[in-house]
Amino acid sequence: MIKDTILDALNKQIKLEGDSSQLYLAMASWAEVKGLEGTANFLYSHADEERMHMLKLIKFINERGGKAFVPQIEEPKQDFTTLKEVFTAILNHECFVSESINEIVGLTLEERDYSTHNFLQWYVSEQIEEEKLARNILDKLEMIGSDKGGLYLFDRDIVTLNTDTTAE
């Protein structure tokens with residue numbers, strides 16, 4: 001049976017993963033309307049990935065004898081000025097998610113819940129990859145600057161960056 005403190009923390013993480021999915025979805029919609037089809041597809045894929053992260057938590061909680069709570073998802077920001085703003089927001093958000101995961105990992109150690117600790121190691125690794133990917137994309141956007149040809153090539157090639165992450 002999962003302890004209430006761990007259950008509460010994991011249920012909060014479910015909300016955060018759902019909010020992450022919605023954020024990526026809103027960003028994808030913005031990019032698609034701006035004619036950035038490659039970026040939109042990349043972000044739609046990440047929205048799905050975040051939803052799967054949420055589902056993975058729900059299933060884990062329920063399998064451990066807890067009750068997963070499916071919360072109301074907050075409406076994310078809808079409008080952006082540049083791709084650099086989008087990916088800066090992504091990096092900041094992923095760092096926030098990493099902090100949240102790390103807090104839960106610490107809690108599992110305090111509570112001596114080694115099963116949940118083991119389960120969360122996948123999320124720890126995933127967050128390292130998510131932050132790395134966002135930083136790499138921001139580096140590329142910094143190199144491109146305001147070059148429209150570079151932006152075109154970036155948008156065309158961003159789909160290949162999806163292969164750098166490992167979603168489950």
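Glu74 is partly exposed in this predicted model, with a relative accessible area of 47%, where partly exposed denotes the range between buried, under 20% relative accessible area, and exposed, over 50% (1.4 Å probe, protein chains only). Because the model is predicted, local features need pLDDT of at least 70 and side-chain atom pairs count only at pLDDT 80 or more, whereas totals for chains, interfaces and linings use all residues. Residues are numbered from 1 along each chain as its sequence is written, and side-chain values use heavy atoms, with hydrogens and water left out.

Glu74 forms a salt bridge with Lys15, in which the closest N and O atoms are 3.6 Å apart; the term refers to a side-chain nitrogen of Lys or Arg within 4 Å of a carboxyl oxygen of Asp or Glu. Since Glu74 lies in the loop between α2 (37–63) and α3, while Lys15 belongs to helix α1, the pair ties together parts that are 59 residues apart in sequence. Helices here are DSSP runs of H or I with at least four residues, numbered from the N terminus. Lys15 is itself partly exposed, its relative accessible area being 24%, and salt bridges that share partners join Lys15, Asp19 and Glu74 into one network.

In the whole structure, a search finds eight salt bridges. Among them is the contact between the side chains of Glu111 and Lys3, with an N to O distance of 3.3 Å. Glu111 is placed in the loop between α3 and α4 (114–144) and Lys3 in the segment before α1, so this pair ties together parts that are 108 residues apart in sequence. Glu111 counts as partly exposed at 23% relative accessibility, as does Lys3 at 40%. Another salt bridge brings together the side chains of Asp157 and Arg156, at 2.9 Å from N to O, and Asp157 is partly exposed, with 33% relative accessibility.

Helix α3 (residues 83–110) contains 28 residues and reaches 41 Å from its first C-alpha to its last, close to the 40 Å expected at 1.5 Å a residue, the expected span being 1.5 Å times one less than the number of residues. Just after α3, Arg112 takes a positive phi of about 60°. Asp8 is partly exposed, with a relative accessible area of 46%.

The structure holds six aromatic pairs, a pair being rings of Phe, Tyr and Trp (its six-membered ring) with centres within 6.5 Å, counted as stacked if the planes are under 30 degrees apart, as edge-to-face if over 60, and otherwise as tilted. Phe42 and Phe87 form a tilted pair, at 6.1 Å centre to centre and with 50° between the planes. Phe42 lies in helix α2 and Phe87 in helix α3, so the contact ties together parts that are 45 residues apart in sequence. Phe42 and Phe87 are buried, and the relative accessible area of Phe87 is 1%. Phe87 also pairs with Phe154: the ring centres are 6.4 Å apart and the planes stand at 85°, so this pair is edge-to-face. With Phe87 in helix α3 and Phe154 in helix α5 (residues 148–157), the pair ties together parts that are 67 residues apart in sequence. Phe154 is buried, at a relative accessible area of 6%.

Elsewhere, Phe60, Phe119, Trp122 and Tyr123 form one aromatic cluster. The charged end of Lys56 sits over the ring of Trp122, 3.5 Å from its centre; this description requires NZ of Lys or CZ of Arg within 6 Å of the ring centre and within 35 degrees of the ring normal.

The structure holds one cavity of 30 Å³ or more, a cavity being a set of points on a 1 Å grid over the protein atoms alone where a 1.4 Å probe fits but cannot get out, with lining residues having an atom within 4 Å of a point. About 40 Å³ of space lies in the largest cavity, where volume is the space filled by probe spheres set on the points. Tyr24, Phe42, His46, Ile90, Glu130, Leu133, Ala134 and Ile137 line the largest cavity. The elements giving two or more residues to this lining are α2 and α4, and the largest share, four residues, comes from α4.

Definitions and conventions. 1 Å grid on protein atoms, 1.4 Å probe; cavity = no way out; pocket = protein on both sides within 12 Å on 5 of 7 lines; lining within 4 Å.
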